[in-house]
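Please walk through the structure shown below, with attention to where selected residues sit and what they touch.

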Amino acid sequence: MQLVVARIGRAHGIRGEVTVEVRTDEPELRLAPGAVLATEPASAGPLTIETGRVHSGRLLLRFAGVRDRGGAEALRNTLLIAEIDPEALPEEPDEYYDHQLMDLDVVLADGTEIGRITEISHLPSQDLFIVERPDGSEVMIPFVGQIVTEIDLAGQRVVIDPPPGLVDDRAETASRRDADAGDGN
């Protein structure tokens, strides 16, 4: 199975280094020197990582055969793709690969169907499940322990305990002042 692990950004310096937008929780494994990665577009690769280092909070990579700024700029926006074993699991017990969570059913603790996961959005503050509801609409579920209470890979389901208003219209008023403002008082 193929997994996008990074996107190449702008060139850094004149010796062929590039910045990368990391898209994996395991950059030390997937983006280590010696790793050979497929690319999208395929014509840009495969690329072999020669060196990697962190500079000002950004990961910089240099690929075998890319020795100058022009060669590095030519790779801009290329996706780096690693081949992974679909049966492999992350090292931490509460971590999951995106492909393991895709298409899982999302239900409440009482079994009420919410929908199925169609996408996972990785934001700086937290990850979100994009869940397609039976009526075709979408709802975003924050992937946090207070809301996502169980992930059952064998049962192909995710159990959630959402706050009022997240998946339905049972929103609670935060304060009396907010309630007064809502009814015109």
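Gly 45 is found in the loop that runs between strand S3 (36-40) and S4; helices (H or I, at least four residues) and strands (E, at least two) are DSSP runs, numbered from the N terminus. With a relative accessible area of 26%, Gly 45 is partly exposed. The classes used here are buried for under 20% relative accessible area, exposed for over 50%, and partly exposed in between (1.4 Å probe, protein chains only). Gly 45 and Leu 79 are 34 residues apart along the chain, and their C-alpha atoms are separated by 9.9 Å.

This is a predicted model, in which local features need pLDDT of at least 70 and side-chain atom pairs count only at pLDDT 80 or more, while totals for chains, interfaces and linings use all residues. Residues are numbered from 1 along each chain as its sequence is written, and side-chain values use heavy atoms, with hydrogens and water left out.

Strand S2 holds Thr 19, which is buried at a relative accessible area of 5%. Where does the chain come into contact with Thr 19? Not counting residues up to four places away in sequence, Thr 19 touches Arg 7, Ile 8, Gly 9, Arg 10, His 12, Arg 58, Leu 59 and Leu 60; contact means heavy atoms within 4.5 Å.

With neighbours within four places in sequence left aside, its contacts are Val 107, Leu 108, Ala 109, Ile 147, Val 148, Thr 149 and Glu 150. Val 159 and Asp 110 are 9.1 Å apart in space, C-alpha to C-alpha, and 49 residues apart in sequence.

Charged side chains come next. A search of the whole structure finds six salt bridges, a salt bridge being a side-chain nitrogen of Lys or Arg within 4 Å of a carboxyl oxygen of Asp or Glu. One of them joins Arg 53 to Glu 17, with the closest N and O atoms 2.9 Å apart. This pair links distant parts of the chain, 36 residues apart: Arg 53 belongs to strand S4 (residues 47-55) and Glu 17 to strand S2 (residues 17-22). Arg 53 is partly exposed at 38% relative accessibility, whereas Glu 17 is buried at 9%.

Glu 50 and Arg 67 also meet through their side chains in a salt bridge (2.7 Å, N to O). Because Glu 50 lies in strand S4 and Arg 67 in the loop between strand S5 (58-63) and helix H2 (69-73), the pair ties together parts that are 17 residues apart in sequence. Glu 50 has a relative accessible area of 31% and is partly exposed.

In another salt bridge, the side chains of Arg 116 and Asp 103 come together (2.6 Å, N to O). Arg 116 sits in strand S8 (residues 113-122) and Asp 103 in the loop between H3 and strand S7 (105-108), so that distant parts of the chain, 13 residues apart, are linked. Both ends are partly exposed, Arg 116 at 32% relative accessibility and Asp 103 at 46%.Asp 94 lies in the loop between strand S6 (79-83) and helix H3 (98-101). Its relative accessible area of 67% makes Asp 94 exposed.
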